[in-house]
Amino acid sequence: MNGPALLVVIEHGYRGSAEVQFSDLLYVCLGLHSRLGGADLLLRGGAVSFAVEAGPVPPLRIGARLLETAPDPRRSLARLLAAGVRAWADEADLNHRGFTADRLIDGVAAADGAELAAQWPEYQRVWFL
Amino acid sequence: MAVAGTEPGPFDWDLLIALTAAPFASDVVTTVLRLLDATLRRGARTQVWACGYATALTQRSLGLFKPADVLDLRAVFPSTAAMVGDLLREYPESLLWQVCRFCAEDRGALEHIDGVPIRSFSRFAGRVAASATTVYIGGA
Amino acid sequence: MTVETAGHLLVETKESGDAFLRDALTLAGTGRDVTLLLIQDAAGAVLRGHAPVERLTEAGVRVLIDDFSLRQHAGAVADLPTGVRAVDADDIAGLLLAPGVRVVWH
């Protein structure tokens, strides 16, 4: 087997700023990619929004604290792509949310997530995070 | 009993369950305990890597019992820590329950029952490589 | 009952796992040995007829349901659609311990 050992599938979208900060599932994916022989990434469900070009989210004010350490999925994805992770966003889930493939960040391709399952045997492991 | 899986063996462990889903959001903890019981009864060597809020399951602060049922104060209900502790005592050579340090720290869950080590995430890949089969239960 | 098998073991735990069930169909379409285990809330979906059991079994997917989950969702073996077999924890252990099995848990 020459390709990555692991296919990571993320379905859950944004899960919070205060509680998550830097340690979102994309961060976990990077850790798995570096330690488990490489990973590819499929975004499904609400997680497809991570791959859509969007403006910055303003910082969050909690009392006197200005929380500027919220997760930045687009930056996290860029880091994954730079590390050699191949990433896809499920096309049907993009369309369902009103996104078109031309809004995807560079390096992420739209794909039929169901058809990608035909590739599962090429991976040692398929993990839904 | 370790048998070869998709990678060359032999393996130290037959099964690794990476449990990242949170308790109470579903019955995943019940499922995992059932699977542990069943695989251990079959003589398998099984390990659990607890992440996310699953790290809370074996905290020492849970004690042996759940809080009292105010409708039946005489009844006692075991804590998850007690149940895992029982399995560890019954299968000392066949079961390893370990807790991810990062997740435990993030949740203030750093005091665990005897027999539950806290491990750096850097050890996770080694646990996967040492197991014939890994079941990754997402949901963190 | 012996249900140990290898190949791919797909485990669905959610009530609405449509995409994952499509994955099972796609995977079976490649000729691979595919077993689908329905456990936890997925047991309820089968009882309500929401899981495409017939399509799965016609595609060669072995569809199993956790008996414990079935009962937790007020179901009984007699309520199961044709082609779905109930299994217990020992059977599931056998599936997980089968040499070479690849487990995908949803």
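How many residue pairs are in polar contact across the interface of chain C and chain B? The rule finds 3, with both residues at pLDDT 80 or more; a polar contact here is a pair of N or O atoms within 3.5 Å, where within protein one must be able to donate a hydrogen and the other to accept it, and residues adjacent in sequence count only if both atoms are side-chain atoms.

A word on conventions. This is a predicted model, where local features need pLDDT of at least 70, side-chain atom pairs count only at pLDDT 80 or more, and totals for chains, interfaces and linings use all residues. Residues are numbered from 1 along each chain as its sequence is written, chains are lettered from A and ligands numbered from 1 in the order in which they are written, and side-chain values use heavy atoms, leaving out hydrogens and water.

Let's stay with chains C and B. Here 18 residues of chain C are in contact with 23 residues of chain B, contact meaning heavy atoms within 4.5 Å. The two chains bury about 1,800 Å² between them, 63% of it on carbon and sulfur atoms; buried area is the accessible area (1.4 Å probe) that two parts lose on being put together, summed over both. On the chain C side, Gln40(C), Leu97(C) and Trp105(C) lose the most area, together 36% of what that side buries. The rule also finds 2 salt bridges across this interface, a salt bridge being a side-chain nitrogen of Lys or Arg within 4 Å of a carboxyl oxygen of Asp or Glu. Asp90(C) and Arg42(B) meet in a salt bridge at 3.0 Å, N to O.

Now for chains A and B. In this pairing, 15 residues of chain A are in contact with 13 residues of chain B, and about 1,200 Å² is buried between them, 61% of it on carbon and sulfur atoms. Arg35(A), Arg125(A) and Trp127(A) supply 41% of the area that chain A buries here, more than any other three residues. The salt-bridge count between these chains is 0.

Finally, look inside chain B. Strand 1 (residues 13-19) of chain B pairs with strand 5 of chain B over 6 bridges, and Ile17(B) stands opposite Val135(B) in strand 5 of chain B.

Key: Two strands pair if DSSP finds at least two bridges between them. Helices (H or I, at least four residues) and strands (E, at least two) are DSSP runs, numbered from the N terminus.
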